[in-house]
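Reader: I am new to this structure. Could you take me through it in short steps?

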Amino acid sequence: MKKYIAFWSILGKDMKTYYLKPPNISWGIIFPFAWTLMFFLRSEGAVEIREILPGVMSLAVLFGTTSMLSVTITFERRSRSFERLLLAPISLNLLMLAKTSGAIIFGILNALLPVIIASLVIDLSGINWMSAILSIIFIAVTSTFLGLFISVSASEVFEAQTFSNFVRFPMMFLGGLFLPLERLPLFLRFLSYLLPLTYGVDILKTAINGNGIIPSGISFLVLVGFSLFLFLMSINNIQKRWIY
Amino acid sequence: MNILEVKNLSKNYNGFKAVKEINFSLEKGEIFGFLGPNGAGKTTTINMLTGLARPSSGAIQIAGEDGIKNIKKVQRIIGIVPDESNLYEEMNGFDNLVFCASLYGMGKKQREERASRLLEQFGLANTGKKLFKAYSKGMKRKLTIAAGIIHEPQILFLDEPTTGIDVENARQIRRLIQTLNHQGTAIFLTTHYIEEAERLCHRIGFIVEGEIVKIGKTIDLLQEAQKEYIMEFTLENEVEPLKEPIQKTFPGIHVYTIDYFHLRIGSPEKIDLMPFMKFFAEEKCLVREARIIRPSLEEVFVKVTGIEIDRLKKEKEGEKK
Ligand SMILES: Nc1ncnc2c1ncn2[C@@H]1O[C@H](COP(=O)(O)OP(=O)(O)OP(=O)(O)O)[C@@H](O)[C@H]1O
Ligand SMILES: [Mg+2]
């Protein structure tokens, strides 16, 4: 059977019915946009904008991906159309990859917005773009799978949203986005290293400003580990809870 | 030849036995119906057969494959119409069908052709561009059935195909099911409409509280019913309190209530009206009407299950006809 047809159709349908719908586009674009402006406006100057750019980019990805997933998965679960996908002759792995690919792409596009805005006001030369783009992709994948994990553990949209805030806000403060890790008290720093975003932000910092503190190779490996772990846990949860 | 075979299939939900060791089979080209009241375990059975629920014990064979282990392979040749019309609200009818076809790996041209053909066949050609959420209940049901057969399955599972649908649409749906069956699709359906089972199914299983209490060819079940003589009384009083006294006065007959005013009496011998009229007169009950009933599946069902007809949401269509 041509499984790629199912994969692309699921991705295409999600794009058309969710990601390209005005309310979601506005969430995806206006929100990071407003955010970026807010952070940039209260920055003192060019140096500071460049300093906070990795944090703003990571946040845009994190919020974009996790909130979209709770819509595309939890919502379809509740309307029971998700059952159609579970009844289709494609493996659960392929199905969930198709369901998450849309969010990953959406997250990557979200990260571009702060870059575009920043490029209008400051000079962005000297950035290791290769590494920056790779890290954005990795952050998008990890936070999408984090969102997936949350969505399959929740049974209602609001539950998923509450749960994801519970995870997102600590990452905002402890992920080294705006507060450098070195300045955190030791036990909080320990917590930071348990959060996937910490590693993503650090790669971005290295790529943009050369001031990350973890070797990028290790961070990439850790992100791959987190992604695999979250994805497999999610699949396991789906098998246990949704095929009841 | 059996295309589906179920052996000792059970499902427990935290200790609650929703389905208890059921056994049945579905032949090629057959329509088999599960008839039972709410909560009998009909949907649970379909979910186990289609891969949406994991059996607690037992075995399923579909087209020679292990229906539990190789469910993903089996899913290619089965079609499923769930009890709720669950297509995508924000997509139009045509796109919904095309999307469902793609889940089975059908190519673009093939799925568009098939979608158009089905819309035509189901009388939905004019509404193909309408969003699913704007469809009426009957239209939604038909499109959901169309989506279930988009990949030309060998077996179609229909969970209460006509529940909540008006008479005309229900009739159309039944005709579609029959046409599909004539074209060679084996069909497993669930219903709580006795008449629907009687009219549509070659074989029927009565399921109550997770158990199949009777299973057989529809003709045989009817023949069994027709060995009985049945008389229906319409009273001006509530009939329920009379059940016991009647049973006591006339041992050897079988009494059951249809609803508040209707009571039926079944007997292996011809029923003499006079003793009953006398009985009702003594009980100070006014008899509005007494008539002979041609026994149908209803009688078998009531006799076997002990369930009052009232408890099954009774279909009105048969009465109007
Ligand atoms: N996920 C579940 N968890 C616990 N109990 C369940 C679950 N699904 C079904 N049940 C129980 O199993 C029994 C059978 O339910 P099922 O839905 O199969 O009945 P049904 O015959 O389809 O009824 P209906 O005519 O109402 O659709 C019911 O008592 C129901 O409460
Ligand atoms: Mg049901």
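Reader: What span should the 30 residues of helix α5 of chain A have, and how far apart are its end C-alpha atoms?
Author: This is a predicted model. Helix α5 of chain A covers residues 92-121. At 1.5 Å a residue, its 30 residues should span 44 Å. That agrees with the distance between the end C-alpha atoms, which is 45 Å.

Reader: Where is the kink in α5(A) centred?
Author: The kink in α5(A) is of about 30°.

Reader: Which chains does ligand 1 lie between?
Author: Ligand 1 has 13 residues around it. As for the chains, ligand 1 sits between A and B.

Reader: Which of the 13 residues around ligand 1 come nearest?
Author: The names to look for are in chain B. The nearest are B:G39, B:G41, B:K42, B:T43 and B:T44.

Reader: How far is an oxygen atom of ligand 1 from an N or O atom in the side chain of B:T44?
Author: A polar side-chain atom of B:N38 is 2.9 Å from an oxygen atom of ligand 1. With B:G41 it is a backbone N or O atom that lies 2.9 Å from a ligand 1 oxygen. For the side chain of B:T44, the distance is 2.5 Å.

Reader: What percentage of ligand 1 does the protein bury?
Author: Start with ligand 1 taken alone. It then exposes 640 Å². Of that area, the protein buries 64%.

Reader: Which element gives the largest share of the shell around ligand 1?
Author: Two elements of chain B give two or more residues to this shell: β2 (16-27) and α1 (42-50). The largest share is three residues. It comes from α1(B).

Reader: Which element of chain B has the lowest mean pLDDT?
Author: Chain B averages a pLDDT of 91, and 96% of its residues score at least 70. Strand β7 (residues 155-159) has the highest mean in the chain, 98. Over residues 314-321 of chain B, pLDDT stays under 50. The lowest mean, 38, belongs to residues 317-320, helix α12 of chain B.

Reader: Which element of chain A has the highest mean pLDDT?
Author: Chain A averages 87, with 98% of the residues at 70 or above. Its lowest mean is 74, in helix α2 (residues 22-41). The highest is 95, in residues 82-86, helix α4 of chain A.

Terms used: Residues numbered from 1 in each chain as written. Chains lettered and ligands numbered in written order. Predicted model: local features only at pLDDT ≥ 70, side-chain atom pairs only at ≥ 80, totals over all residues. Heavy atoms only, no water. Helix = DSSP H or I, 4+ residues; strand = E, 2+ residues; numbered from the N terminus. Expected span 1.5 Å × (residues − 1). Bend = angle between axes of the 7 residues up to and from the residue. pLDDT = per-residue confidence, 0-100. Contact = heavy atoms within 4.5 Å. Near = heavy atom within 4 Å. Polar contact = N/O pair within 3.5 Å; in protein donor to acceptor, adjacent residues only side chain to side chain. Areas by Shrake-Rupley, 256 points an atom, 1.4 Å probe, with all protein chains shown as cover.
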